[in-house]
Amino acid sequence: MALTDDPNDFEEVDQGSAKLVGEIHLKKYVKYMGQYTQQLADIEGVLGSEQGHIWDQSLNPVCLQTFPEEKVALPQLIKTENKVLNKVLIALSALCVEINVLENEAVTEFYDPILFYGETASEDGEKPKEGEEQLGIGRMLPLLQKLSCFGQRCREVVKNVIQQLAALHNKSMPKVMDASHVHLTPVYEHLCNLLRVLVTIDQIILSNSMLTNHWTMYKMTIKSVHHNPSAYGVAQDQLKPLEKLVSHLEKRIINGQMTQFCFGQDFDDSGIPVAKNSCFTEEFSLNIKIILSRLEPKLADPAQTEHHLQFVGLCALFTLHYLIFRNLDRKLFRQMWDSYKKLPCVTLAGHVTWFVDEYFADNLPKTCKAVDSKMPDQAVQSRGVWLSGKVQAIQRECQGYYASVNTWMVKMLSSPQQDASLEDLATQSKVYIEGYRLICGLRNTVETLLNLHVVTNKPMTVNEVTCLCRMVTMCKAVSDTFFRHSMRVSTCGMHIVQHQQFQVLTLLQVAKKRVTSDRKYSDRKLDMLSSIMICENCINGSPTTQRLVVTKLALSIANQSKMLRDDEHAALLSKFEKIQIFGSIGILRASRAASDQSAFYWHRALLTNYLEGLCQNPVDASSLHHMFAALEDCVVGMKRSKHLSSPQLLVDAYKEVVHRSLRHHLLDKICKEIENDLRLSVHTHLKLNDRNPFKSSIKSLRQLLSLEPLKFLGSFISPKDYVTHYLDQTFYNLTTVALHDWRTYGQMRNLAAQRYQLEMQEVHLPNQQLEQGLDVLEIMRNIHVFVSKYLYNLNNQIFVEQSSNNKHLNTINIRHIANSIRTHGTGIMNTTVNFTFQFLKQKFFIFSQFLFDEHIKSRLIKDMRHFRENREGFNQQYPYERADRFNRGIRKLGLSPDGSSFLDQFRLLISHIGNAMGYIRMVRSGGLHCCSNAISFVPDLEDIVCFGDLAKEEDISPEVNTAFAHLDAVLGSLVKHSAEGSDYLGMLVDVFAPEFRSSKNMHLRNFYAIIPPLTINFVEHTISCKEKMSKKNKVGASFTDDGFAMGLAYILKLLDQYTEFDSLHWFQSVRRKHADDIRQQANPAPKQSRKQGIQDEDEKLQQTRSLALKRINIYQREFELLYFSLSSARIFFRAEAAPKSDSTDTEVSKPTSEEPVDAKASSSPASTTA
């Protein structure tokens, strides 16, 4: 093959190689797509019916981005034979694209760091550390220096745009192209956006007073360092650049002069006439009017937030127009000024607001006299009226939004899964746009009202706060609906873009035919045709922002001499807006950005009111997830802050504040209400309050408990788990403190599971019940203290503490004793009887000494002799006066330091002995109670299976046989004790009776004679104690003391003196005495006067008589109670037979000394009953 120098041969070779390479890559791509399709099919098969479900937005693991991106240079998009037009469009398009880049840079890099400057990670009210302010400014310096460069860049772009437009609209210079009928409105719109960015940055800086204050402190620190640099380790030559930088930043940025710095530059320095260009002046003014005519009808619509922001830039553009040309169109100015009636406030970023009246008053020179003295006051007054009207209608507006949101959600759910026709596509487009407008309207309404309340210092009502928080949650609910239908919205959005592009191309074809129908050639017609071709070329590709910019600019040049009718031009602009929403931005991305509630961070104090309102009315409990999604929106801005050592500190502090508010104002209150509800439900028998749902409203807290866990900044809070944990902890702690309430808390736990579906944990407390007050072991070891500190009640079988330093008295009853026996075992019962036996020995020694005393013995013998000698005269009844004389006369023998006589002490001795016997009775009853509870699990007490015999028949292992033998023994013991039990009272009678009745202790035979004065002494003491119950000083107060009656009955049984005591007929004598006293008081002897007959009794005498009758009745009642108690106590001992010396049940060694208590018994009464 011959070599050739023809270059076409090499091109053919290159083309062939490229074709081969392309085919190879195409085959690889086809193979990859086949494998990927198979993987998707496998995943779809695994998911099954769940594939239609979408994950939680807060856990978004895979994010679907639908906005287009392409890397195409402007010369490739603007490529026609018209070179001049190409250059003009490329230059203007590049400037517009540059403005878009600057706007995005300002939003992402500068707004949030300056907004969040001054927010600290410390608690509210806590002072920052010394030097923290200077450190914050030092960390901000790189950002401020970058912001200064950004301002310089914006200044150059604005100047370039103005000069480019002035070069097009200029009669004094050679024409670049015929632009006499060209209105480049898109360029002016972009210029508005850039100026609005500068205004926003200035307003953010001026609204942050902490930045200004800290800047002043930072300058003072620099001066201090300048005076003594060596102390700070800084060289002198390093301070000058820093001071120069600080001065530069203060002049340009800290003072809020970025916009003025841009306005004040010289636009005529390039040789292109600007200020004196009349053609450009008219074009500039005309485009302001065009933009205003498009914006003004939409200013009152809260959903048109982009137009509100564009109006801010338009006002700045109007100011720039006046500063350049010094020509004020008063009619246009008045039209823009009056917009405050429709648009009272514009939220620039966060809590930073903008007012048209304040802007013009501050930025237009005073020399133009555009703003008179009355106009600002009128604007402020109108703003207040607008706010008041809005507040009054907020409830109605919130309900309207609620209905609109619900209707829109129904439309989203009922929309077809696939777009079957163009009508379905148009319907879907309207639904999506409606949802987007709802989001914008809700957000704008909330931000405007919140910020206006802050600016005007007007308080907010609870109803207004509730409505605004509800609107915040509705805004996030609409955004969440978009997310849940993201797959269908994305697919439908692409179809909508394609359809809009088709309609735009159709309209352009119609316009192209109109231009070509006129066969006259001109440069203008050439420019129009070229512009239409550029529009078609850009629209025919992916709907990127760059293509839309070029399309709008080309359409502005093509629409010369009204090539398009007004309706067609408006339709094209509307379709461009839809292409931008569905294509360039993406409806999902647009809705997510529009629903950003980061401004709520600056009004986060309202969260407290919202949570408290939600606790009071849990109907909107499902909105809590949306509120937390709104609270999380500001975190993106927080992470851009620069003044702290780490932005995460601010995020963590914010997270803690929100969690604390949630706990204190919602969860803790829910816990308290549920606990109270459970308590009232368990104690309904007490009828604490009216819980009739028809009379009193009852909140349904189940809606709050049924919520899914709340996600906030990576942590989850489950209301249901929180309440469950609180109740578990509370029930456990209170059960351990008050063990007797264990059953109540068990019922509350079960009720919580039934009523609120709470999965409560078992407390796992000990299986036995520890409701026993004082333990039996403690009482047994300190029996002498127990009988003196506690009082016995015979009928209820209960011991009550005599006095206590606390506000309550302890009690001991049968259930306490039974629980102690179950804890320690039944063997403790015999030990208790033995300890009581030892205690009674000591007490009977004192008892014997008292009766052995000569004064007491002689007096008793004397009284009994007198009674026997005069028995007939006393009607066989021991005289009350004789017993009362003995009670009073014994005081002559002496008194103790506390004022008690010997008879008082003897009465206490008998009461202690009776208390000990009452305790023995209670121990026996407790043992029976414990055995009956244990034996309750045996089916038939009369037919108990012998497990030992069954085990032997089945030939089971010896270990099991041993276990069965123990079981049989336990069952037998339980049956025996539960049937009859041990007669401990009879045993204690048997062990002491022989010695008491012995001839060696004849002095004890006089005991029955001392009972009448003892009873009088006891009744007087009882009345005195009961009267103290109603007094403030309750020292010595009591209401029961049946130990005395129990002690009398026991000792009478030991001495076998029941008959002797009954022969006294003492209680009949007491009744006769009281009957005589009552008769005497009721029928007094009449008094006669010499001057007159029987007269009425004196009133004071009548009062004395009534008091005396009341006192007699009290004594009579107390004697009757004592008689009943004594009769009841005698029943415990009357059935016992007289003890015999050869008793087979109990072996007792007789005492050897004279006094029975000194007797040293060889065995205890319970030694044979174990």
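User: Which residues form the negative surface patch?
Analyst: The negative surface patch is formed by Asp 949, Glu 953, Glu 954 and Asp 955. Patches are made of residues with over 30% relative accessible area and no salt bridge, like charges being joined within 9 Å and nonpolar side chains (Val, Leu, Ile, Met, Phe, Trp, Tyr) within 5 Å. Asp and Glu count as negative and Lys and Arg as positive, while His and the chain ends are not counted; the place of a charge is taken as CG of Asp, CD of Glu, NZ of Lys or CZ of Arg. Please keep in mind that this is a predicted model, in which local features need pLDDT of at least 70 and side-chain atom pairs count only at pLDDT 80 or more, whereas totals for chains, interfaces and linings use all residues. Residues are numbered from 1 along each chain as its sequence is written, and side-chain values use heavy atoms, with hydrogens and water left out.

User: Where is Asp 955 found, and is Asp 955 buried or exposed?
Analyst: Asp 955 is found in the loop between helix 37 (947-953) and helix 38 (958-979), where helices (H or I, at least four residues) and strands (E, at least two) are DSSP runs numbered from the N terminus. Asp 955 counts as exposed because its relative accessibility is 69%; buried means under 20% relative accessible area, exposed over 50%, and partly exposed in between (1.4 Å probe, protein chains only).

User: And Phe 964, what is it in contact with?
Analyst: Leaving aside neighbours within four places in sequence, Phe 964 is in contact (heavy atoms within 4.5 Å) with Phe 947, Gly 948, Ala 951 and Ile 956. Phe 964 is found in helix 38 and, at 23% relative accessibility, counts as partly exposed. The C-alpha atoms of Phe 964 and Asp 949 are separated by 8.8 Å, the two residues being 15 apart along the chain.

User: Switching topic, which residues make the nonpolar surface patch?
Analyst: That patch, of about 790 Å², is made by Leu 26, Tyr 29, Val 30, Tyr 32, Met 33, Tyr 36, Leu 40 and Ile 43; accessible areas come from the Shrake-Rupley method with a 1.4 Å probe, and for residues only the protein chains shown count as cover. Leu 40 lies in helix 1 (residues 7-47) and is partly exposed, with a relative accessible area of 41%.

User: Now the charged pairs: how many salt bridges are there?
Analyst: The count comes to 43 salt bridges, a salt bridge being a side-chain nitrogen of Lys or Arg within 4 Å of a carboxyl oxygen of Asp or Glu. One of them joins Arg 437 and Glu 577, whose closest N and O atoms are 2.9 Å apart. Arg 437 lies in helix 16 (residues 422-456) and Glu 577 in helix 21 (residues 566-585), so this pair ties together parts that are 140 residues apart in sequence.

User: What about Glu 632, which residue does it pair with?
Analyst: Glu 632 forms a salt bridge with Lys 711, with the closest N and O atoms 3.5 Å apart. Since Glu 632 lies in the loop between helix 24 (624-631) and helix 25 (635-638) and Lys 711 in strand 3 (residues 710-712), the pair ties together parts that are 79 residues apart in sequence. Glu 632 is partly exposed, with a relative accessible area of 21%, whereas Lys 711 counts as buried at 17% relative accessibility.

User: Which residues are joined into one network?
Analyst: Salt bridges that share partners join Arg 514, Arg 565, Asp 567 and Glu 568.
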